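Here is a note for a colleague who is meeting this structure for the opening read. Please keep the sequence and the model at hand while going through the points.

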Amino acid sequence: MDILDAVRGRRSIRRFRNTPLPESLLGTLEDSLLEAPSAGNLQSRRFIFAFRNEIRKQLAEAAFRQNFISEAPLSVVCCADLSIANQYGERGRTLYCLQDVAASIQNLMLVAYSLGLGTAWVGAFDEKQVSRILHLSEFLRPVAIVPVGYPDENPPRPLRGAREESIVRLR
Ligand SMILES: Cc1cc2nc3c(=O)[nH]c(=O)nc-3n(C[C@H](O)[C@H](O)[C@H](O)COP(=O)(O)O)c2cc1C
């Protein structure tokens with residue numbers, strides 16, 4: 001798929017079919033996360049692939065009952081690794097590691113879309129609850145939960161703001 005088609009065509013998916021993911025796609029999804037840019041190439045991020053039914057249900061609960069999370073056969077919990085980010089001090093801990101994770105998430109969503117899969121970027125959740133569910137070390141900060149599965153909806157494109165309000169061309 002052309003990269004621009006993926007950028008324009010991807011939508012947040014909040015209804016998933018009850019179809020398992022082929023194992024053969026998992027490596028490609030992992031590559032999409034790992035190949036993203038990161039500050040100083042430190043890759044201050046970690047990803048937990050949650051397949052287990054019980055865990056996915058608990059994640060949906062922790063995300064204030066966004067139950068579509070548990071409908072998808074996989075949730076990728078995307079975390080900033082503060083122990084690595086520390087190398088860049090305050091800026092590393094509060095800024096770079098979040099950007100490292102975000103770059104990976106966007107890669108994941110676009111690559112998943114190109115493979116016929118749907119995803120949603122879920123940022124609204126109780127961080128402490130997610131950390132407890134996954135037994136995360138104190139150095140890992142969960143940043144987003146990304147459910148991945150075959151889409152069972154084809155949502156319209158939500159409107160974007162006016163181009164000139166978001167982009168300034170200085171020549
Ligand atoms: C940081 C961030 C947090 C988000 N959190 C949620 C969320 O908790 N639940 C949800 O359903 N969508 C969430 N979204 C998805 C947005 O609602 C969605 O991207 C936006 O409405 C545009 O739609 P589109 O992704 O189909 O282009 C989040 C997106 C971002 C970037």
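1. Basis of the note. This is a predicted model, in which local features need pLDDT of at least 70 and side-chain atom pairs count only at pLDDT 80 or more, while totals for chains, interfaces and linings use all residues. Residues are numbered from 1 along each chain as its sequence is written, and side-chain values use heavy atoms, with hydrogens and water left out.

2. The shell around the ligand. The residues around the ligand are Arg 10, Arg 11, Ser 12, Arg 14, Gln 66, Phe 68, Trp 121, Val 122, Gly 123, Ala 124, Pro 158 and Arg 160. By class, the shell holds 5 nonpolar, 3 polar and 4 charged residues, where Ala, Val, Leu, Ile, Met, Phe, Trp, Tyr, Cys and Pro count as nonpolar, Asp, Glu, Lys and Arg as charged, and the others, Gly among them, as polar.

3. A polar side-chain atom of Arg 14 is 2.6 Å from a ligand oxygen, and a side-chain N or O atom of Arg 10 lies 2.9 Å from an oxygen of the ligand. Gly 123 takes part through its backbone, with an N or O atom 2.9 Å from a ligand nitrogen. Taken alone, the ligand exposes 620 Å², and the protein buries 62% of that (Shrake-Rupley method, 1.4 Å probe; for residues, only the protein chains shown count as cover).

4. The whole structure has 4 salt bridges, each a side-chain nitrogen of Lys or Arg within 4 Å of a carboxyl oxygen of Asp or Glu. In one of them, Arg 46 meets Asp 81 at 3.6 Å, N to O. This pair links distant parts of the chain, with Arg 46 in strand E1 (residues 45-50) and Asp 81 in strand E2 (residues 74-81), 35 residues apart; helices (H or I, at least four residues) and strands (E, at least two) are DSSP runs, numbered from the N terminus. Asp 81 is buried at 4% relative accessible area, whereas Arg 46 is partly exposed at 43% (buried means under 20%, exposed over 50%, partly exposed in between, with a 1.4 Å probe and protein chains only).

5. Two further salt bridges. Arg 93 and Glu 90 pair with their closest N and O atoms 3.5 Å apart, and both lie in helix H6 (residues 89-114), 3 residues apart, about one turn of the helix. Glu 127 and Arg 141 form another, at 3.0 Å; Glu 127 lies in helix H7 (residues 127-134) and Arg 141 in strand E4 (residues 140-149), so the pair ties together parts 14 residues apart in sequence.

6. Loop residues to look at. Asn 41, in the loop between helix H2 (23-34) and E1, has a positive phi near 55 degrees although it is not glycine. Gln 43 is found in the loop between H2 and E1, and its phi, near 50 degrees, is likewise a positive value in a residue other than glycine. Asn 41 is exposed at 55% relative accessibility, while Gln 43 is partly exposed at 34%.

Key: A residue is near a molecule or strand if one of its heavy atoms lies within 4 Å of it. A polar contact is a pair of N or O atoms within 3.5 Å; within protein, one must be able to donate a hydrogen and the other to accept it, and residues adjacent in sequence count only if both atoms are side-chain atoms.
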